[in-house]
Amino acid sequence: MRRALVIFAAWMAAAAAGLLLKNDYFASVATAMAFLALWAQSWNLLCGLTGNISLGHSVFVAVAAYVTVILFQQAGVSPLLGGLLGILGSVVLASIVGAATLRLRGPYFTLATLSAAAVVLSLILHYSQLTGGPSGLAITFAQDSPFDLEFTNVRAYFLIATGLLAAVTLFLDFLKRSKLGFYIAAIKSSEEAAAAAGIRVALVKVIVFCLSAALTALGGVVYVFYIGFMDPNFLSGLTLSVEIALIAVVGGMDYLIGPIIGAIFYEAIDVAANATFGASGGWDVMLLGFAVVVMVMTEPRGLCELTIRLLRLIHRRPARFWS
Amino acid sequence: MIIFLQSILNGLLIGGVYALVAMGLNLMFGVMKLVNFAHGEFLMAGMYVAVGLASLGTLPGAFGMFGIYWVAIPTMFVMAAVGLAFYLLLLDRAARFGESPQILLTIGLSIGAQGLAQVLRGSGFKLVPNPINGAAIRFGGLNLQLGPAIAFIVALAATIVMAWVLRATRFGKSARAVAESAETAEMLGIDARRVYIVSTSIAIGLVGLAAALLIPYQYTFPNVGQNFVVVAFLAIVIAGLGNVVGAVFGGLLMGVMQSLTASYFDLDLSTAAIYLLFLAVLLLRPQGLFTRGRRTL
């Protein structure tokens, strides 16, 4: 209950800060940050709990987004219903990939998720009559229509994204202390022991993967209406998948707030690089990638752990000095 | 019929480069149990090195149109040195980290290197003008693309050399022992770290060779590695993780599948076709198509 209040208060504070942002550039940065944090948190639901690294989470964003928008534009299905179908599509995909790979030991899962992104991208490009091919689909609207997820004020999307982020964070916290959460903890400490205790290891892992995919897809549905344009190379690209994963890693996979810290860090790099070198590109992913390399080599538990150690250091030194 | 034969031929020729990339991946996985997710970026780096060397000039007249291929040997050695640095700076410590941190390390390196290439060289497409690009020989109604054909022949030669190295040399025997069990090998007096160092250098050197073979007919750009490495990842699982010579057949099979789907359906569907085979192999024969029993490397 106390955690729920803390998370709710944090959301309120973030929402207020977002609504007070007068500068449109910073508002868009804050919204991008919220979506990345949402996806990284959903990704970390899988990796933080089971340790399985997915490098294909952009697939779930892309599948949900395309299903929703195609149903909306071609058949007039409301995004609220279409979004559910899109999320269902992502879950089906996740269960197929998960069932084939999560029962095996070794890097199969990571390889399978990574190449799934390439497959979905090529399918989007192939069925171009439906998906618009490489040029993508545009969503245009002139007035607010909340039930179609259409808002002319982009700050509405910031509110929704941070709200979803708060909800996912709360859900993750709840999940950790649920029965499924204890199963997962048992599996993480020893698969053999968990299996011997009667836990169906592969099934639990597939369920967690599907949950993670569904939450990622949920973010994807809202995201396309925010961005108003679907670029297949971005939505189903390897870069987005890797960004989602590495943001959670940089922040710290063992902490609820880790992926959020990671997203703030990444957007801060992005803003600083754009201000210093212009928007020529490359700087943001380069710094993120090398930050992860440095992090794995020195403090694999991420920025959160680093901050805690730093605080401890500052806190402790006077005590040691005087004693 | 002629379309079918032409597709098989094209596929085998494309597959040569996949084979070189996949062979290095499986060599590293075999001895270190590590999937190098940055492998494609080493290919990309090798291509930039090769393009840089090739723009210095080509060999004079006696070599005819093949003058650009002088870059192959230097690129291979430069990349082998890069592989050595990669091992000593990162993998040496990361070897103790376990699987997840190793995946994160190499994927971080991969995207970092893509960003670096974009920062240093821009996101433009680079190609050194040369007579190999687009050149083809016709025989019996079939069209033989010269660039891919040379890449295929060299890849085949490299495979034979690698198979011999693994079978007959002292390093090869040590590598096979380490692949079986690093602990037992160390007890028998084999220096596992040395095997890791040499394997990484060879793997990245092979990618350098592949890069030099690609640049006459393939554009170089920061994300170029992804096009090859995703197929190579699927190839090594389909062939069997850790099976170095099997990876070559895996690479060739990927090329043929790609080419056949491109001829009869659409090139866009080829990754999906390969992926279906990949899922089928994982469900029915997770040790891979070309791995028998417990054989390693």
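Predicted model: local features only at pLDDT ≥ 70, side-chain atom pairs only at ≥ 80, totals over all residues.
**Entry 1: helix 9 of chain B**

I looked up helix 9 of chain B, which runs over residues 224-239. Next I looked up burial. Of the 16 residues, 15 are buried, so helix 9 of chain B is largely enclosed by the rest of the structure. I also looked at what comes just after this helix: B:Gly240 has a positive phi of about 125°.

**Entry 2: helices 2 and 10 of chain A**

I noted that two packed helices are described by the angle between their axes and the distance between the axes. For helix 2 (residues 24-50) and helix 10 (residues 201-227) of chain A, the angle is about 170° and the axes are 8 Å apart. Angles over 145 degrees count as roughly antiparallel, so I put helix 2 and helix 10 of chain A down as roughly antiparallel. I then listed some contact residues. Helix 2 of chain A brings, among them, A:Phe35, A:Trp39 and A:Trp43, and helix 10 of chain A brings residues including A:Phe209, A:Leu215 and A:Tyr223. I recorded the residues of this contact as 13 nonpolar, 8 polar and no charged.

**Entry 3: chain A against chain B**

I found 43 residues of chain A in contact with 40 residues of chain B. The area buried between the two chains is about 3,700 Å², and carbon and sulfur atoms give 79% of it. Which three residues supply more of the area that chain A buries against chain B than any other three? They are A:Tyr108, A:Leu111 and A:Met297, which supply 17%.

Note on methods: Residues numbered from 1 in each chain as written. Chains lettered and ligands numbered in written order. Heavy atoms only, no water. Helix = DSSP H or I, 4+ residues; strand = E, 2+ residues; numbered from the N terminus. Expected span 1.5 Å × (residues − 1). Buried < 20%, exposed > 50% of the residue type's maximum accessible area, 1.4 Å probe, protein only. Axes fitted to C-alpha atoms, helices over the stretch in contact; angles between N-to-C directions. Parallel < 35°, antiparallel > 145°, perpendicular 65-115°, else oblique. Contact = heavy atoms within 4.5 Å. Nonpolar A, V, L, I, M, F, W, Y, C, P; charged D, E, K, R; others polar. Buried area = accessible area lost by both parts, 1.4 Å probe.
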